[in-house]
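I opened my notebook to look up a few places in this model. Here is what I wrote down as I went along.

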Amino acid sequence: MEKEPLWTRGFVLDTFINLGIYIIYYMLMVVIAVEALHMGATVAEAGLATGIYIIGVLLARLVGGRYIELMGRKKMLYAGVIFYLLTTVLYFAFNSMTTLYGVRLLNGIGYGVAATATGTIIAGVIPQSRRGEGINYFALSLSLAAGVGPLLGMLLQDYFSFAHIVNFCIAILGACLLATFFLPVEEIELSPEKLAELKSFRLDNFIEPRVLAISTVAFFMGICYSGVLSFLGAYTKELGLDGAGPVFFVVYAIVITVIRPFAGVMFDRKGEDFVMYPCYLALFIGLMLLGQAQGMVLMIAASIFIGLGYGTFMSNGQAICVKLTPAYRSGIAVSTYFIMLDVGLGFGPYFLGAFKEIIGFNGIYEATAVGALACAAIYYLAYARKRDRNSQDELAEDDSMEQTLEME
């Protein structure tokens with residue numbers, strides 16, 4: 001049987017746009033923390049400058065997830081990319097921590113709207129028979145951004161001014177806007193009943209109940225990874241390993257590029273548990289190694305395991321969300337998942353930064369390693385156990401119906 005096509009124009013362009021959006025997100029997460037420290041901010045204040053962005057993202061995803069099918073997927077993508085571009089220009093204007101907080105908040109709204117649109121559009125582009133594989137390839141753009149973005153941020157910050165970095169972000173968003181123009185998007189045709197459902201003011205039109213369990217896991221995974229994202233540059237400088245940060249993210253990007261296609265195929269063939277449980281173990285090992293690192297060898301080993309863990313989790317968590325929900329609610333499901341992931345990434349640095357003077361960066365990484373194992377327990381208790389119980393109940397019902405029919 002011939003496979004349904006995956007690498008269509010819509011798939012490629014949406015993935016490209018998503019890559020650009022997330023590169024800027026991750027690049028500025030690293031850059032802003034250092035810029036804030038240069039302005040005399042404390043580590044906790046620098047973490048807040050990084051994390052307040054997530055309040056904007058949260059607002060955008062809550063509203064965007066509900067209205068994307070009502071407004072239209074492509075229109076929302078246009079709106080998000082344009083607002084993301086305009087608010088990125090505002091970085092030229094900040095001259096205090098207060099104005100920086102304001103710009104970060106608005107920029108988060110633009111990112112949240114654009115990212116919700118790309119994540120929803122892709123769910124309608126990928127053939128159902130290749131869902132796990134397709135989402136893993138698409139989410140490769142997200143994970144590559146998580147590696148390339150911080151790498152670019154660190155390199156550009158070493159050789160160029162903040163204004164040059166902002167100009168670079170503006171150029172990327174200009175390319176995303178151009179790609180949006182050529183992106184074919186098939187809009188969802190809503191029946192009167194579904195239209196009325198989405199228009200009604202109900203909590204489940206902002207948060208998708210079906211994906212709350214896996215989204216809760218994503219929240220804690222985001223906290224675990226946030227210490228890497230925000231503090232790795234400061235940590236490597238403290239260790240006297242100034243070149244280690246860029247190398248870490250290069251290796252991270254290579255690892256997820258290699259593992260993603262395999263993970264997607266295994267998700268489709270073997271089920272989510274086959275992929276998810278190793279993620280938590282790999283992240284635990286990676287963060288433990290990072291906490292113990294004193295040289296490049298352990299730093300590189302840590303990046304390999306963190307890439308296998310967090311990098312693989314992100315895409316497969318999204319694949320679970322798409323699997324659990326009908327097509328017309330995929331926007332709300334994707335929004336819910338990334339709300340929780342982004343909140344963990346955004347507020348994690350502020351929370352973890354408060355403990356820096358007590359336990360140091362190495363203590364932070366060791367503590368979040370234990371948190372990765374806790375994520376495995378949450379996944380089992382909140383999601384996998386309930387899923388297995390429901391499957392057994394469905395099988396019991398089918399057996400009962402078959403016996404009834406045989407008797408008749």
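I looked up asparagine 107 and found it in helix 5 (residues 97-125). Helices here are DSSP runs of H or I with at least four residues, numbered from the N terminus. Before going on I noted that this is a predicted model, where local features need pLDDT of at least 70, side-chain atom pairs count only at pLDDT 80 or more, and totals for chains, interfaces and linings use all residues. I also noted that residues are numbered from 1 along each chain as its sequence is written, and that side-chain values use heavy atoms, with hydrogens and water left out.

Is asparagine 107 buried or exposed? Asparagine 107 has 0% relative accessibility, so it counts as buried; the rule for buried is under 20% relative accessible area, for exposed over 50%, and partly exposed in between, with a 1.4 Å probe and protein chains only. Leaving aside neighbours within four places in sequence, asparagine 107 is in contact with Leu28, Tyr53, Tyr84, Thr87, Thr88 and Tyr91. Contact means heavy atoms within 4.5 Å.

Threonine 120 also has its place in helix 5, and it is buried with a relative accessible area of 0%. With neighbours within four places again left aside, I listed Ile68, Glu69, Arg73, Ser330 and Gly331 as the contacts of threonine 120.

**Helix 9 against helix 10.** Next I checked how helix 9 (residues 212-238) and helix 10 (residues 244-270) pack: the angle is about 145° and the axes are 8 Å apart. Axes are lines fitted to C-alpha atoms, for helices over the stretch in contact, and angles run from 0 to 180 degrees between N-to-C directions. Helix 9 brings Tyr225, Val228, Leu232 and Thr236 to the contact, and helix 10 brings Ala244, Gly245, Phe248, Phe249 and Tyr252.

In the loop between these two helices I found leucine 241. Leucine 241 is buried, with a relative accessible area of 16%. Not counting residues up to four places away in sequence, leucine 241 touches Thr236, Gln294, Gly295 and Met299.

**Aromatic rings.** How many aromatic pairs are there? I noted a count of 27, where rings of Phe, Tyr and Trp (its six-membered ring) pair if their centres lie within 6.5 Å, and planes under 30 degrees apart count as stacked, over 60 as edge-to-face and the rest as tilted.

Phenylalanine 231 is in helix 9 and phenylalanine 361 in helix 14 (residues 356-407), 130 residues apart. Phenylalanine 231 counts as buried at 6% relative accessibility, and phenylalanine 361 counts as buried at 5%. I also marked one aromatic cluster, formed by Tyr277, Tyr280, Phe313, Tyr337, Phe338, Tyr379 and Tyr383.

**Helix 11.** At 1.5 Å a residue, its 21 residues should span 30 Å, and its end C-alpha atoms are 31 Å apart, which agrees. The expected span is 1.5 Å times one less than the number of residues. Buried residues of helix 11 include Glu272, Cys279 and Tyr280.
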